[in-house]
Amino acid sequence: MSEHMQLFTDSLNRFLDQEVAPHYQQWEKDGIIPRDVWRAFGQAGFLCVDVDEAYGGCAGDFTLSALVVKVLSQRGFAALATNVSVHSDIVTPYISHLGSEAQKQYWLPKLVSGEAVGAIAMTEPGAGSDLQAIRTQAISCDDGYRISGQKTFITNGQHADVCIVAAKTDPQAGAKGISLFLLDKTAKGYQVGSNLEKIGQHSGDTSELFFDEVICADTLGVKNQGFRHLMEELPRERLILSVCAMGACSGMLDWTVDYTKDRQLFGQSLAQLQNTRFTLAQLDTQISVNWAYVESCIDRYQKGELDAVSASKAKLSSTELQCKVADDCLQLFGGYGYMQEYPIARAFLDARVQRIYGGASEVMKEIIARGLLK
Ligand SMILES: Cc1cc2nc3c(=O)[nH]c(=O)nc-3n(C[C@H](O)[C@H](O)[C@H](O)COP(=O)(O)OP(=O)(O)OC[C@H]3O[C@@H](n4cnc5c(N)ncnc54)[C@H](O)[C@@H]3O)c2cc1C
């Protein structure tokens with residue numbers, strides 16, 4: 001790690017010690033993080049770190065943005081890592097890459113400072129993996145488009161001030177009839193539904209959204225090219241989920257190493273039993289090997305060379321590994337691993353969704369197989 005990255009990590013860790021760690025358990029109980037945490041993150045310079053200086057960012061690169069998410073995950077703040085990665089690494093790049101100059105000037109400085117929170121709404125009750133089946137419609141009108149429909153499972157849905165919404169602009173044209181819109185939460189007819197109760201990542205707000213004839217003139221990117229835009233941005237989304245997974249893996253392994261050295265049984269430490277040593281060695285090896293692959297994908301992303309198949313491989317292998325690490329490490333904690341107060345218990349529950357959102361593992365396998373068999 002370069003000196004600059006080390007200083008950045010140290011300052012992020014200090015921020016987390018002061019602003020996050022003392023409150024995280026309460027936020028998990030509350031089922032949401034307070035809105036002003038976003039501002040604190042923005043003011044400390046940890047949101048959207050790769051946005052250009054012209055829009056209020058610090059023009060860092062993706063490595064720095066990935067580092068924020070990795071550290072959050074490593075510290076066991078998985079819900080926060082998801083919230084921040086959706087805001088900084090998914091929503092913001094869409095606006096940076098596809099937005100008009102006016103859209104960029106309006107939204108990017110607010111997203112960087114935490115004054116605005118971002119969300120992206122593709123999934124609907126009847127359409128998740130099969131995105132072409134969305135039913136939210138945008139009908140052309142004098143003021144732009146009139147958008148009606150429903151979205152679900154939307155990360156940051158409660159706090160979001162701006163939401164990228166996928167809607168059908170040509171319902172007969174399948175994938176070629178989808179467009180993206182930038183919806184302002186204050187628009188008439190934009191309704192935030194309930195904050196959904198999940199089995200893990202409790203403080204990550206995950207919401208339903210309803211649109212009742214919301215008037216919107218802000219298309220994002222090219223009309224009817226929304227599906228193509230989504231496909232172009234998905235590699236970064238899958239890569240950042242891989243980074244989340246790898247951060248979590250390394251945190252879980254560290255806690256387990258410490259625990260097994262302390263825990264005494266049969267007159268020795270748990271770490272002295274061969275099963276423990278082999279389990280830890282195996283996990284450490286798998287984490288190192290997988291991290292090397294994810295790092296190579298980060299490198300390729302920086303050069304504009306990350307393809308959909310490689311990003312899918314990274315997401316598939318990292319998130320499956322995360323769930324294995326969570327399970328194997330929890331086992332070594334014994335009954336304590338099943339107790340909510342132990343971070344490994346939370347990490348176990350937080351991990352499970354990683355194999356589902358951003359493209360389920362089975363979808364990743366389909367993409368990889370298509371690449372192989374074409
Ligand atoms: C906590 C959380 C946060 C989320 N955040 C967002 C967000 O911010 N924005 C957003 O738009 N969406 C979000 N999602 C939605 C998420 O992306 C979807 O849940 C996911 O894409 C799966 O869609 P689905 O739930 O409708 O399941 P389905 O599409 O119904 O799939 C169910 C299962 O079918 C299997 N399957 C699916 N496709 C295939 C295939 N091609 N081949 C073989 N098997 C297959 C898989 O096992 C899959 O898990 C979030 C979800 C959760 C749980």
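1. A word on names to start: helices (H or I, at least four residues) and strands (E, at least two) are DSSP runs, numbered from the N terminus. Residues are numbered from 1 along each chain as its sequence is written. Please keep in mind that this is a predicted model, where local features need pLDDT of at least 70, side-chain atom pairs count only at pLDDT 80 or more, and totals for chains, interfaces and linings use all residues.

2. Let's begin with the overall layout. The chain splits into domain 1 (3-117), domain 2 (119-224) and domain 3 (227-373); such bounds come from an automatic or database domain assignment. Between the C-alpha centres of domain 1 and domain 3 there are 22 Å.

3. How many residues of domain 1 are in contact with domain 3? There are 21, and they touch 19 residues of domain 3. Here, two residues are in contact if their C-beta atoms, placed from the backbone, lie within 7 Å. On the domain 1 side, the elements giving two or more residues are α4 (62-74) and α5 (78-98). The largest share, 10 residues, comes from α5. By class, this side of domain 1 has 11 nonpolar, six polar and four charged residues. For these classes, Ala, Val, Leu, Ile, Met, Phe, Trp, Tyr, Cys and Pro count as nonpolar, Asp, Glu, Lys and Arg as charged, and the others, Gly among them, as polar.

4. Now look at how α4 and α5 pack together. Their axes are 8 Å apart, at an angle of about 165°. Axes are lines fitted to C-alpha atoms, for helices over the stretch in contact, and angles run from 0 to 180 degrees between N-to-C directions. The angle makes α4 roughly antiparallel to α5; angles under 35 degrees count as roughly parallel, over 145 as roughly antiparallel, 65 to 115 as roughly perpendicular and the rest as oblique. The crossing of α4 and α5 is left-handed, meaning that the near helix is turned anticlockwise from the far one by less than a right angle (right-handed if clockwise). In α4, the residues involved are Ser-65, Val-68, Val-69, Leu-72 and Ser-73, and they meet residues of α5 including Ala-78, Leu-80 and Val-84. This contact has seven nonpolar, four polar and one charged residues.

5. α4 also meets helix α8 (residues 274-302), with axes that come within 10 Å and cross at roughly 140°. That makes α4 oblique to α8. Phe-62, Thr-63 and Ala-66 of α4 make the contact with Ile-298, Tyr-301 and Gln-302 of α8. Four of these residues are nonpolar, two are polar and none is charged.

6. Another pair to find is helix α7 (residues 226-262) and helix α10 (residues 343-351), whose axes come within 10 Å and cross at roughly 155°. α7 and α10 are therefore roughly antiparallel to each other, and their crossing is left-handed. α7 brings Ala-248, Met-252, Trp-255 and Thr-256 to the contact, while α10 brings Pro-343, Ile-344, Ala-347 and Ala-351. The classes here are seven nonpolar, one polar and no charged residues.

7. Finally, where does the ligand lie? It lies between domain 2 (119-224) and domain 3 (227-373), because both give residues to the shell around the ligand. Of the 21 residues around the ligand, Met-122, Gly-128, Ser-129, Thr-155 and Glu-362 come nearest; a residue is near if its C-beta atom, placed from the backbone, lies within 6 Å of the molecule or strand. At least two residues of the shell come from each of β1 (118-121), β3 (144-155) and α11 (361-373). The shell has 11 nonpolar, six polar and four charged residues.
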